[in-house]
Structure formats: structure tokens, C-alpha cells
Amino acid sequence: MRVVILFGPPGIGKGTVGNILSKKWNMPLISMGDLLRDNVKNATSAGLKAEAYMRKGELVPDDVVFEALSERIKQQDATDGILLDGFPRNINQARMLESLFGHNDKIILLNLVASMETLIERLSLRRICISCGAVYHLKNIPPKKDGICDICNGKLIQRNDDTPEVISRRLAVFHKETEPLIKYYDEKHTAIKISAEGGPDDIIRRIEGTNLWE
Ligand code: AP5
């Protein structure tokens with residue numbers, strides 16, 4: 001089993017890079033943010049617990065996210081390898097993840113880094129499809145028709161946690177609770193630093209240039 005964690009602050013492009021790698025490597029992308037947003041949309045018990053935290057940019061309690069992840073990885077497509085976006089976000093979640101896998105399974109953290117200017121620009125111009133969740137950027141990855149999803153013709157909206165106030169809270173939470181994981185993975189597993197500046201293809205080229213599996 002191969003587990004690749006796409007790691008980095010809000011807006012770095014974890015979902016964007018993850019979607020490309022998922023197709024290239026034939027590994028499912030499991031996005032904790034998307035899983036939680038689906039739960040909120042469907043008013044499940046996990047969604048009802050998660051909603052208030054997400055709206056404020058705080059982390060959802062560990063047991064809620066772990067339950068959502070454990071259910072997802074039971075699915076057939078997740079037996080050989082998975083790409084994780086947004087999990088783990090603290091040391092407790094990293095330990096929870098380890099409890100799901102054996103000693104022979106390889107866990108790699110891809111530490112995506114970019115300037116604060118890049119992050120703010122990516123987040124403030126992000127739009128998502130209300131129906132299928134596809135992600136666009138008004139300047140860098142625009143839809144063909146204004147406000148309409150290329151894939152399903154759904155309406156494009158701004159995420160309700162992409163306001164300046166919530167973005168700064170999410171960044172603060174990342175620095176305090178999530179960033180310490182780099183040291184944890186560096187010491188216990190493998191952590192590889194990748195520049196996330198430039199377009200998605202540049203980033204993919206850098207990731208594939210690291211000989212990840214050797
Ligand atoms: P989540 O949805 O995971 O949000 P996040 O980590 O803040 O990350 P984002 O989705 O904002 O950014 P991204 O890095 O995926 O960037 P994207 O590819 O979209 O989590 C939301 C909330 O859920 C959390 O705040 C928390 O409450 C809760 N949660 C989630 N996981 C949790 C956990 N484990 N524990 C507890 N709570 C949890 O790209 C951003 C924009 O830039 C897009 O518009 C894109 O088109 C554009 N773009 C991307 N890459 C490039 C590029 N290379 N060049 C140009 N434009 C680009």
C-alpha cells in the first residue's frame with residue numbers, strides 16, 4: 001500500500017495537483033475537505049458536527065474526520081494506494097492514519113511550498129462548481145463560459161470559507177497545528193519539499209522528478 005499525503009497551506013493547490021496525479025498514477029484522491037463538504041450538503045451526522053468549525057476555518061474534531069476517512073478507504077479503489085488531500089492536519093491525526101496501515105506500507109508526505117502572495121491570489125480567485133465540485137481559478141484556470149462549469153454546466157460559486165477573515169484564520173491554524181507534521185514525517189516516514197510556484201504542470205514535473213518510490 002502506498003499513501004501519498006499532499007501537504008501544504010490553504011490554497012497551495014493540493015486539490016488541483018491531486019486531481020492530475022490521481023489520473024496519472026491511477027490512485028484515488030481522497031480530499032478531506034470535499035468529503036466533509038459532501039457530508040454538510042447531505043446533512044449527515046458528521047456534516048452537522050463539522051459545519052460550524054468549517055465556516056470559522058477551525059479544524060473539525062479528529063474523531064469526526066477519522067470516521068469519514070475510515071469509511072472512504074474501505075472502498076474497492078483504495079486497496080493499492082491513495083492520495084490524501086487535507087489529512088492528517090495534526091499529530092493525533094497522523095497517528096490515527098498509521099493505525100490504518102502496516103509496517104510495510106509506505107507513507108510519503110509531499111510538502112508543497114509557495115509565497116503568501118501566491119496563496120492569497122489562488123484562494124481569492126478560486127471558484128468551485130456547486131454541482132460537481134470542479135475547481136477553477138478566474139485568472140489561471142478559467143471556465144470556458146463565465147460562471148458555468150465546463151464539466152457539468154453547474155453554477156460556479158465562491159467557497160464560504162474563502163473570505164479574507166476566514167482565510168487568515170485557516171492560515172493561522174495551519175501554521176500552529178498542521179506545520180509541525182513536516183518534522184514528524186521527516187523523522188518517522190519520508191517528507192519531500194516541492195516548490196508549488198508556477199503552473200500545475202511545473203509542479204507535477206517537480207514531483208515526478210523526485211523518484212518518489214525509490
Ligand atoms: P480543505 O477543503 O482541505 O481546505 P484547505 O486545506 O484550506 O485547502 P484548499 O482546498 O483551500 O486549497 P488547495 O490547496 O486544495 O488548493 P486548490 O487546489 O483548490 O478544508 C476545508 C476545511 O475543512 C478546513 O478549514 C477544516 O475546517 C475542515 N477540514 C478538512 N480536513 C480536515 C482535517 N483533516 N481535520 C479537521 N478539519 C478538516 O487551489 C486553490 C486555487 O488556486 C484554485 O482556484 C486553483 O484553480 C488555483 N490553482 C491551484 N494550483 C495552481 C497553480 N499551480 N497555478 C495556478 N493556479 C492554481
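Q: How exposed is Glu-208?
A: Glu-208 has a relative accessible area of 35%, so it counts as partly exposed. Buried means under 20%, exposed means over 50%, and partly exposed lies in between (1.4 Å probe, protein chains only). This is a predicted model: local features need pLDDT of at least 70, side-chain atom pairs count only at pLDDT 80 or more, and totals for chains, interfaces and linings use all residues. Residues are numbered from 1 along each chain as its sequence is written, and side-chain values use heavy atoms, with hydrogens and water left out.

Q: Which side chain does Glu-208 meet in a salt bridge?
A: Side chains of opposite charge can pair when their charged atoms come close. Here a salt bridge needs a side-chain nitrogen of Lys or Arg within 4 Å of a carboxyl oxygen of Asp or Glu. Glu-208 meets Lys-24, at 2.8 Å from N to O. Glu-208 lies in helix H9 (residues 200–208) and Lys-24 in helix H1 (residues 14–25), so the bridge ties together parts 184 residues apart in sequence. Helices (H or I, at least four residues) and strands (E, at least two) are DSSP runs, numbered from the N terminus. Lys-24 is partly exposed too, with a relative accessible area of 49%.

Q: How many salt bridges does the structure hold?
A: It holds 14. Among them is Arg-72 with Asp-77, with the closest N and O atoms 2.8 Å apart. Arg-72 is buried at 14% relative accessibility, whereas Asp-77 is partly exposed at 40%.

Q: Which residue forms a salt bridge with Asp-162?
A: Arg-126 does, and the closest N and O atoms are 2.9 Å apart. Asp-162 sits in the loop between strand E7 (156–157) and H7, and Arg-126 in strand E5 (residues 126–129), so this pair ties together parts 36 residues apart in sequence. Asp-162 and Arg-126 are both buried. Shared partners join Arg-126, Arg-159, Asp-161, Asp-162 and Arg-170 into one salt-bridge network.

Q: Now the rings. How many aromatic pairs are found in the whole structure?
A: A pair of aromatic rings is described by the distance of the centres and the angle of the planes. Rings of Phe, Tyr and Trp (its six-membered ring) pair if their centres lie within 6.5 Å; planes under 30 degrees apart are stacked, over 60 edge-to-face, and the rest tilted. The search finds two pairs. Phe-7 and Phe-174 have ring centres 5.6 Å apart and planes at 50°, so this pair is tilted. It links Phe-7 in strand E1 (residues 2–7) to Phe-174 in helix H7 (residues 164–178), 167 residues apart. Both Phe-7 and Phe-174 are buried.

Q: How are the rings of Tyr-184 and Tyr-185 arranged?
A: They are edge-to-face, with 5.5 Å centre to centre and 70° between the planes. Tyr-184 and Tyr-185 are both buried.
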